[in-house]
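Please keep the sequence and the model at hand while reading.

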Amino acid sequence: MDNSVVICVLAKEADKSNPAVKAAMRRGWLLECNGLSEETCTEYIATYLGVPQKSLDSGAAPLRDFIGKVSLGNPLFIRETIDQLLLHDLVKVRKRRDGEADLSYHQDLEGVNIASWYQTSMVGETIS
């Protein structure tokens, strides 16, 4: 009977001087998961909001930067951040007759109380 054990350790950052991490690196077992790049993050935000990507490159750059910073480029956290901003009327998307969409957002994004988003994975898992 095989008594193999699989252990999966998740960490925000791996201490590459740790002997266990070094052993995992030697064996090719260390998997680094990074968030989306800034460009991909922008594309993802635009797609999720249903707005043209160019609207995030110009007038809504602070919104794009805020979502990227809060979510660390994690697609689940990007969706949760956008959902919370929409839920609290901090972001509004208005569809125009020509099929395009207008995006507006609350200008004081730094004042947003992210800690109150306890029901999200992004905040709830951090608090746990």
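## The strand pair

Val-93 faces Leu-103, a residue of strand E2. Strands E1 (residues 91-95) and E2 (residues 101-105) are paired in the antiparallel sense, with five bridges. Two strands count as paired if DSSP finds at least two bridges between them. Helices (H or I, at least four residues) and strands (E, at least two) are DSSP runs numbered from the N terminus. The hairpin of E1 and E2 has five residues between the strands, and Gly-99 there adopts a positive phi near 95 degrees.

## Basis of the model

The model is predicted: local features need pLDDT of at least 70 and side-chain atom pairs count only at pLDDT 80 or more, while totals for chains, interfaces and linings use all residues. Residues are numbered from 1 along each chain as its sequence is written, and side-chain values use heavy atoms, with hydrogens and water left out.

## Positive phi in two loops

Leu-72 is not a glycine, yet its phi is positive, at about 55 degrees. Leu-72 belongs to the loop between helix H4 (61-71) and helix H5 (75-87). With a relative accessible area of 55%, Leu-72 is exposed; exposed means over 50%, buried under 20%, and partly exposed in between (1.4 Å probe, protein chains only).

Asp-89, also a residue other than glycine, has a positive phi near 55 degrees. The loop between H5 and E1 contains Asp-89, which is exposed at a relative accessible area of 52%.

## The two sides of helix H1

Val-21, Ala-23 and Ala-24 are buried residues of H1. Because they cover an arc of only 160 degrees around the axis, they lie on the same side of H1; the arc is taken from the directions between the helix axis and the C-beta atoms. The exposed residues Pro-19 and Arg-26 are carried on the face of H1 turned away from its buried side.

## Cysteines

How many disulfides are there? The count is zero, where a disulfide is a pair of cysteine sulfur atoms within 2.5 Å. Cys-8 is in no disulfide, and the nearest cysteine sulfur, in Cys-33, is 9.0 Å away. Cys-8 is exposed, at 66% relative accessibility.

Cys-41 is buried, with 5% relative accessible area.
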